[in-house]
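Subject: Structure handover

Hello,

Please find the structure below, followed by notes on what came out of it.

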Amino acid sequence: MTAPEQVDRILLTAAVVLILLAGALLLARIWRGPSMLDRAISLDVCAALIIAGLAAKSAFARDPFYFPIMLVLAFLGFTGSVGIARFIAVRDRPRPPRSDDTEEGPR
């Protein structure tokens, strides 16, 4: 094994260790919350970590087989994030006052 290949192997191993550590911290954030928005963001980051793991696997094997899969996962993560953001935006929208809630009272 040449020196550049050894450096590549060490850097890729360090990258995988960091991805695993980030995954463990991410699971703790999903478990603890405290809000639904925190959990939604954590699930979006989970998709990014899966993509990073596949990228590391592709780099180890020097095989571009997983690139289309990573592209599809990125698209699904993006659309999921947009869907959750729209759901939360609609849920948190202030309601317009109803006609029977006026301060004047009954006539």
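The notes cover the conditions, the overall fold, the helices and then the side-chain pairs.

This is a predicted model, in which local features need pLDDT of at least 70 and side-chain atom pairs count only at pLDDT 80 or more, while totals for chains, interfaces and linings use all residues. Residues are numbered from 1 along each chain as its sequence is written, and side-chain values use heavy atoms, with hydrogens and water left out.

Overall

The chain has three helices and zero strands, and along the sequence the pattern reads α-α-α. Helices (H or I, at least four residues) and strands (E, at least two) are DSSP runs, numbered from the N terminus. The accessible surface comes to about 8700 Å², and carbon and sulfur atoms hold 69% of that; areas come from the Shrake-Rupley method with a 1.4 Å probe, and for residues only the protein chains shown count as cover. Of the 107 residues, 13% count as buried. Buried means under 20% relative accessible area, exposed means over 50%, and partly exposed is in between (1.4 Å probe, protein chains only). Among contacts with a separation of 6 or more, 45% come from residues 24 or more positions apart, where contact means heavy atoms within 4.5 Å.

Helix α1

Helix α1 covers residues 3-32 and includes L21. L21 is partly exposed, at 48% relative accessible area. Together with L18 and L25, L21 forms a nonpolar surface patch of about 330 Å² accessible area. Patches are made of residues with over 30% relative accessible area and no salt bridge; like charges are joined within 9 Å, and nonpolar side chains (Val, Leu, Ile, Met, Phe, Trp, Tyr) within 5 Å.

R9 is also in α1 and is partly exposed at 41% relative accessibility.

Helix α2

Helix α2 (residues 36-61) has 26 residues and spans 38 Å from first C-alpha to last, close to the expected 38 Å at 1.5 Å a residue; the expected span is 1.5 Å times one less than the number of residues. Its buried residues are A40, S42, A47, L49, L54, A56 and S58. S58 has a relative accessible area of 5%. Beyond its neighbours within four places in sequence, S58 is in contact with D63, Y66 and F67. Just after α2, R62 takes a positive phi of about 55°.

Side-chain pairs

Which side chains meet in a salt bridge? They are those of D8 and R62, at 3.4 Å from N to O. D8 is in α1 and R62 is in the loop between α2 and α3 (67-91), so the pair ties together parts 54 residues apart in sequence. The structure holds one salt bridge, defined as a side-chain nitrogen of Lys or Arg within 4 Å of a carboxyl oxygen of Asp or Glu. D8 is partly exposed at 35% relative accessibility, whereas R62 is exposed at 64%.

A search of the whole structure finds one aromatic pair. The ring centres of F65 and Y66 are 5.2 Å apart and the planes are at 80°, so the pair is edge-to-face. Rings of Phe, Tyr and Trp (its six-membered ring) pair if their centres lie within 6.5 Å; planes under 30 degrees apart count as stacked, over 60 as edge-to-face and the rest as tilted. F65 is exposed, at 53% relative accessibility.

Regards
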